[in-house]
Each structure stands twice: as C-alpha cells, then as structure tokens.
Amino acid sequence: MSGEALRIGVCGVGTVGLATIDILLLQSAMVSARAGKDLKVTHVGARRDHADHDYGDARVSRDVMDVARDPEVDVLVELIGGTGVAHDLIKLAIEQGKHIVTANKALIAEHGNELFALAEAAGVQLGFEASVAGGIPIIKALRESMAANEVKQVAGIINGTGNFILTEMSSKGRAFGDVLCEAQALGYAEADPTFDIDGTDAAHKLSILASLAFGIPLNIDGPVKQGIDTVTPTDLDYAAELGYRVKHLGIARQSKNGVELRVHPTLIPEHKQLATVDGVMNAVMISGSAVGEVVLAGPGAGGPATASSVCADIIEVARHSNGTGPAMGLPAAELNAKPLIPSGEIASEWYVRLSIVDRPGVMSHITKLLADRGISIESLVQKAPESGRSEVPIVLLTHMAAESVIIDAVEAIKAFGEVGTEFALLRVETFE
Ligand code: HSE
C-alpha cells in the first residue's frame, strides 16, 4: 500500500464501536485498498473491557483522553455517545490536529456549530455520516450528490427503534415494552431508550438534515417533537382499517414563510413508499429542485450498519487528508438562520379519535363545530361501542387545517360535554 498508514483511535466499544473495529480488522485488505493506504487501529479508548474481543495490535486505555493526546493517532473515532465526555474529547482531539469521525447525533445537533467551526479553523475533517439513519449514506447524498439542488423538503423515518416498535405492534399485535426490550437486545436502541421513544433522537437527526438541506445553523430546539409513546394499539388498528400506516416521521420543509421542523407519529396512505418501510429500516425522501424526488432506504440502526457509515468516513479521511470542504457543505460562518414556523401554524390533514355519547344530534353538533372553523371532514367512521361502554368511538379524517385550528375545534368538542376521555389527534401526510 502506498504512503503511510492512517492511524485510527476508536473511543467507545459499544455495539457500533465493536462493529467498527471488526470491519477495520477483518476487512482490512478491502478497506485499505479503497482508502489508498493502510488503515490501522492503533489505540482503543474503553471504560470497560471486552476480554473476548480482538482489538488487533491496538493499545487500550481506560481514559479516552489518552487517545486524543496520542501522537500515534491521526483520526479519532468517537462512539461514546452523549454530550459530556464526547464533547470534551472531540474538542481536545481537534486541538491536537486530529480528524474526527463520529456517530453522535445528539452532540452534532447540540454542539455542531461550534465543532464544525473548530474543525475548519484547525484544517481537520469532521465526518458524521453515521449520525443520521445508521447505514444510509444520507449526509453525503445531501451535501455532495445533491449539491446542485435547492432542497424543498426532507422527510422520512429516521429512528430505527421507533419504526421497529411500531411495525411489530401493528403487524403482530405485540406489546410496546416487549418489542422495546428486543430492540435493545438487537443493539438498535440508545443506552437510555427514552430518546428513541419520545422523539428526541429523531429531532436531533432532523436538525442535522435541515442544516445540510437548507444551509441553516444547527438548532437542537428547532423541531416540534412528539414521540411514539403517544400511539396506542387502537390507533394503529383504526389507521390500518382506513388504509393507512402509522410511521414516526421527521419532516423539514422550506417555504416562503420559513422552515418547518417536526417529528411525530403520522398516518401515511398504505400505498406510499414510506408506509412500506418496516422494522429497523429507515427511509429519507428528499425533494430537490433539479432532480425531483429521491428516496434512500436502508438499515437505520444496529452495529454493523452504523459501522458501515463510520468506516466510510474513515476511508474518506484517508482519501482526502487535505480536506473535502466544509462539513455542512457551506463554511460554518455562512450558514444563515431562517424563521422557524411555529407548530400551531403548520397545517396538515388530521386523524381525530373521540368517544361520544350515542345520542341524536351529537354527531351533527361535532361536525358543526368543525365546519365553523373551516375544517372540512374527509371521512367519519362510527365504531361499535366497546363492551360495557356507553360511549361510541368515532374516527374522523379531516382535510388541511393548521394545528391551532384543529386544537381549538377539539377543545370546543370536549367542552360540549358529550364526549368521553378517550382521545387521539395525529397528523396525516399524503405527500401529494
Ligand atoms: N437508536 C437509534 C435508532 C440508533 O434506533 O435509530 C441509530 O441512530
């Protein structure tokens, strides 16, 4: 192999760290040939031991900062996660002139503006392909392959754990907790799966995608956020009966009024491509001004899939050690904030489930309250009452309405007093 080896320090030996080391050791000839130089893991930073795991000739340190200070390391691969130690580690490594590769979406979403500026100033690369949608090459697609497009919308399923849980619940009727345990065992979920469930992980990823797509600074607090914990088996069943699937989507859309950023469970017509993406698979749909619609799909979580993206960034560092241009496509100083559209103003179609007293006039009153607010009903289904209940469930699908308007209508319906406590409100996206 020509030239000197690229010396790699891997910090964090969880699911992704171990899978990364495995690829670099077991596929050494292939990845080195593609990198144009030998890729050598010289140092592993790990707080805990994996006695049965082969790190090749690498030195092992308990203190990950030793890896950042090691003159025998050219690229530091951060796979610890979180925004504490990982943040200090990357700053120290940049100071030491090392290239960085990370899978850490929380860190990029929260501190990316600072870290990209530091990396640019130090003349080092900061690769973060693995931070969004696991094994899907979405960062390079947006930054490089679609650089000639004005991007209007990026929308997709960007949390593998959430999609796995919703798929198993709806297709097999499995219980939420049971599927979550399996997602943890399979290495899909975060160490603390709260972020997978409450939408935070998807919101971090959406902030990164929106920054790349629209040339705006990262804004961790930008996305409106609702998690899969708000979806009940009842709603999965009713959605299926109506010809829809419930998916947790991240949507970043640009219009003349600004940018809307939101992550939430969403009903999608079952014939749409995103509705058919199941299990741990993720899919991201990008609307570009020249190319039109591009959809990328693949495994969104898991050790080997995520390590595929980590290793691609390492190879990229080896191929272009003089830099490949700014991490976000534009220099950090040239990213320009755009107004964020408040949640209440974001319009969509809606799925509304209520339980009502089965009495003459109740339904017409509800439809009047909607009509008074300009909300048009697309379909309305009254279900049979559950045994022992006097109220009957009704499911409404509406045409477009702003969130503030539908919420006002629902409040008015509830105030009317003929409705029970059972209630669900979910957005519908047809992508027409
Ligand atoms: N916990 C994340 C997910 C891992 O399930 O999508 C990949 O970012």
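Modeller: Let's start with the side chain of arginine 262, which makes a polar contact of 2.8 Å with the side chain of glutamate 260. Histidine 264 joins in too, its side chain meeting that of arginine 262 in a polar contact of 2.9 Å. Keep in mind that this is a predicted model. Arginine 262 sits in strand β10, and its relative accessibility is 1%, so it counts as buried; the cut-off for that is under 20%. Skipping residues up to four places away in sequence, arginine 262 touches Leu206, Val224, Leu249, Gly250, Ile251, Arg253, Ile346, Ala347, Arg427 and Glu429.

β10 (258–269) supplies at least two residues of the largest nonpolar core, which has 52 residues. Within that core, Leu126, Phe128, Ile138 and Leu142 touch the most other members. Other elements that each put in at least two residues include α5 (105–122), α6 (138–145), β7 (151–157) and β11 (281–288). The top contributor is α10, with nine residues. And where does the core sit relative to the domains? Domain 1 (6–134 + 304–334) and domain 2 (146–298) both give residues to it, so the core lies between them.

Leaving out neighbours within four places in sequence, Ile138 is in contact with Glu129, Val132, Ala133, Leu209, Val284, Ile286 and Leu296. Apart from this core there's another one, of 31 residues, with Val10, Ile23, Ala130 and Ala318 among them.

Threonine 306 lies in helix α12 (residues 303–319) and, at 7% relative accessibility, counts as buried. Its side chain reaches the backbone oxygen of glycine 302 at 2.7 Å.

Ala301 then brings us to the ligand. Ala301 is one of the residues around the ligand, along with Lys105, Asn159, Gly160, Thr161, Tyr188, Ala189, Glu190, Asp196, Asp201, Lys205 and Gly300. One on lysine 105 lies 2.6 Å from an oxygen atom of the ligand, one on threonine 161 lies 2.6 Å from a ligand oxygen, and one on lysine 205 lies 2.8 Å from a ligand oxygen. Taken alone, the ligand exposes 260 Å², and the protein buries 94% of that.

Last stop: helix α9 (residues 194–197), where you'll find threonine 194. Is threonine 194 buried or partly exposed? At 38% relative accessibility, threonine 194 counts as partly exposed. Its side chain and that of aspartate 192 are joined by a polar contact of 2.5 Å. Threonine 194 and aspartate 229 are 35 residues apart in sequence, with 9.7 Å between their C-alpha atoms.

To come back to where we began, arginine 262 is buried in terms of accessibility, with polar side-chain contacts to glutamate 260 and histidine 264.

Note on methods:
Residues numbered from 1 in each chain as written. Predicted model: local features only at pLDDT ≥ 70, side-chain atom pairs only at ≥ 80, totals over all residues. Heavy atoms only, no water. Core = buried A, V, L, I, M, F, W, Y, C linked by side-chain atoms within 4.5 Å. Buried < 20%, exposed > 50% of the residue type's maximum accessible area, 1.4 Å probe, protein only. Helix = DSSP H or I, 4+ residues; strand = E, 2+ residues; numbered from the N terminus. Domains from an automatic or database assignment. Contact = heavy atoms within 4.5 Å. Near = heavy atom within 4 Å. Polar contact = N/O pair within 3.5 Å; in protein donor to acceptor, adjacent residues only side chain to side chain. Areas by Shrake-Rupley, 256 points an atom, 1.4 Å probe, with all protein chains shown as cover.
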